[in-house]
Amino acid sequence: MNKHNYQVTIEWTGNQGSGTSDYNSYNRNHKISSEGKYDQIHGSSDPSFLGDNAKYNPEDLFLSSLSACHMLWYLHVCATNKIMVIEYVDNAKGVMEIMENGIGKFVEVTLYPTVKITDKKMISKANELHAEAAKMCFIANSCNFEVKHNPTTTSD
């Protein structure tokens, strides 16, 4: 087994002088960083939980992680299958449910990749390769639900 280790630093920046004296006394802002990375990600919680809508929240980052992992594997399997991808955009969507007790979880994610390739004859194969990329995606393999795919592929 080959193991990979990752490390990030999360720094809360939301203390407004009274710490967490009550639920409304602090903001949810934080910084995400990792040694050797060029910049920080400025995060918060979802506005539903008193967060800053202008900052990424953990749910945004989770969804983007799924989308990016799928894209990177898809580009890999296309390259190994001699399909030249020239554009890739995904408008991923996710559904999180929160129970009455406040516990929540993602129950559904659908990726909507729009891919442009150079050879029109390879469109069918390019669409099929999303299934192979899905099997390889480390993040999707870590989920307790199926990550769905609804690709659109065009050519020059």
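Q: In which sense do strand 2 and strand 3 pair, and over how many bridges?
A: Two strands count as paired if DSSP finds at least two bridges between them; helices (H or I, at least four residues) and strands (E, at least two) are DSSP runs, numbered from the N terminus. Here strand 2 and strand 3 pair in the antiparallel sense over three bridges. In this pairing I32 stands opposite I41 in strand 3. Strand 1 and strand 2 also run antiparallel, joined by four bridges, and W12 stands opposite H30 in strand 2.

Q: What kind of model is this, and which pLDDT cut-offs apply?
A: This is a predicted model, in which local features need pLDDT of at least 70 and side-chain atom pairs count only at pLDDT 80 or more, while totals for chains, interfaces and linings use all residues. Residues are numbered from 1 along each chain as its sequence is written, and side-chain values use heavy atoms, with hydrogens and water left out. The score pLDDT is the predictor's confidence in each residue, from 0 to 100. The chain averages a pLDDT of 94, and 100% of the residues score at least 70. Among the elements of the chain, strand 1 has the lowest mean pLDDT (91), whereas helix 2 (residues 123-136) has the highest (97).

Q: Which residues form the covered face of strand 2, and which the uncovered one?
A: In a regular strand the side chains alternate between the two faces of the sheet. In strand 2, H30 and I32 belong to the covered face, and K31 and S33 to the uncovered one.

Q: How many salt bridges does the structure hold?
A: A salt bridge is a side-chain nitrogen of Lys or Arg within 4 Å of a carboxyl oxygen of Asp or Glu. The structure holds three. In one of them, E11 is joined to K31, with the closest N and O atoms 3.6 Å apart. E11 lies in strand 1 and K31 in strand 2, so this pair ties together parts that are 20 residues apart in sequence. The side chains of K55 and D52 meet in another, at 2.9 Å from N to O. D156 forms a salt bridge with K116, the closest N and O atoms being 3.7 Å apart. D156 lies in the segment after strand 9 (152-155) and K116 in strand 7 (residues 113-117), so the pair ties together parts that are 40 residues apart in sequence.

Q: Which side chain of opposite charge is nearest to the buried R28?
A: For charge, Lys and Arg count as positive and Asp and Glu as negative; His and the chain ends are not counted. R28 is buried yet has no salt bridge, and the nearest side chain of opposite charge, D22, is 7.5 Å away. R28 is placed in the loop between strand 1 (9-12) and strand 2 (30-33).

Q: Which backbone oxygen does the side chain of R28 reach at 2.5 Å?
A: The side chain of R28 reaches the backbone oxygen of Y26 at that distance. A polar atom of the R28 side chain also lies 2.8 Å from the backbone oxygen of Y23.

Q: Where does L50 lie?
A: L50 lies in the loop between strand 3 (41-43) and helix 1 (58-80). Phi of L50 is near 70°, a positive value in a residue other than glycine.

Technical notes. Buried means under 20% relative accessible area, exposed over 50%, partly exposed in between (1.4 Å probe, protein chains only). A polar contact is a pair of N or O atoms within 3.5 Å; within protein, one must be able to donate a hydrogen and the other to accept it, and residues adjacent in sequence count only if both atoms are side-chain atoms.
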